[in-house]
Amino acid sequence: MAPPHGDKSAKVKEEAAAAVSSVDNRPISTILFIVAMQTEALPLVKKFQLTEDLNSVFPKGVPWVRFYGVDGVGTVSASLVTYASVQALQPDLIINAGTAGGFGAKGASIGDVFISSEVAFHDRRIPIPVFDIYGVGSRKALATPNLLKELNLKVGKLSTGDSLDMSPMDEASIIANDATIKDMEGAAVAYVADLLKVPAIFLKAVTDIVDGDKPTPEEFLENLAAVTAALDRTATQVVDYISGKCLLEL
Ligand code: ADE
């Protein structure tokens, strides 16, 4: 369960201060997109005319940056690829773009693209003082008030876990996290971004309504193509907006 508001530990406050101090006024020149699924990535690859790096900066044998083969879904893959990419590319900004389940009761609809203000885990239950807060791993995204105003995006908290489904215990944690959307990577990307002091933003497009009546896997697959196209359009607008700006201007 998330700690009650106003009861932030010194560590959480330190983390928030560190996130702010990593924001500087250099122009942004390198953006690292972390995308879990091939289908999610392909529109972006096409849009930005990216080509596959045949001399990959990554260790031999890993499936990252190969546009064929297995997708890297979930927190283990997300944290590894974020770590390796930041080490290799030293980006100014990370954008974790992908799909998410949305809660209709919190205002999410299919095809919405959210920017997440805050991310946390919902399946790391450690009911021991201090470790409980570590398990939830709540982190703030880079604040982007001007970008939000310009693109008129929805804003909501994101909760991350390693399953597409939602157990009753996950649901209780997601409610405690006050999340509007749930995914399988965001909080893991945020963890590594925070460790390596790279600001991160989270762009999540809603493929399924978690509190609706359709089974999640079916609804997800039914909407995946159309929703990733919406994600691609928003990611393009975000990159266009960022272009030539500093972090403090976002
Ligand atoms: N990605 C898309 N839909 C999702 C869901 N319902 N849960 C987790 N990740 C998702």
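Q: Which hand does the crossing of α3 and α7 have, left or right?
A: The crossing of α3 and α7 is right-handed, the term used if the near helix is turned clockwise from the far one, whereas anticlockwise by less than a right angle is left-handed. The model is predicted, so that local features need pLDDT of at least 70 and side-chain atom pairs count only at pLDDT 80 or more, while totals for chains, interfaces and linings use all residues. Residues are numbered from 1 along each chain as its sequence is written, and side-chain values use heavy atoms, without hydrogens and water.

Q: What makes α3 roughly parallel to α7?
A: Helix α3 (residues 75-89) packs against helix α7 (residues 186-195) at about 30 degrees, with the axes 8 Å apart. Because angles under 35 degrees count as roughly parallel (over 145 roughly antiparallel, 65 to 115 roughly perpendicular, the rest oblique), α3 is roughly parallel to α7. Axes are lines fitted to C-alpha atoms, for helices over the stretch in contact, with angles from 0 to 180 degrees between N-to-C directions; helices are DSSP runs (H or I, at least four residues), as are strands (E, at least two), numbered from the N terminus.

Q: Why are α2 and α8 called oblique to each other?
A: Helix α2 (residues 38-47) and α8 pack at about 40 degrees, with axes 9 Å apart, and α2 and α8 are therefore oblique to each other.

Q: Which element gives the largest share of the shell around the ligand?
A: The largest share, three residues, comes from β2.
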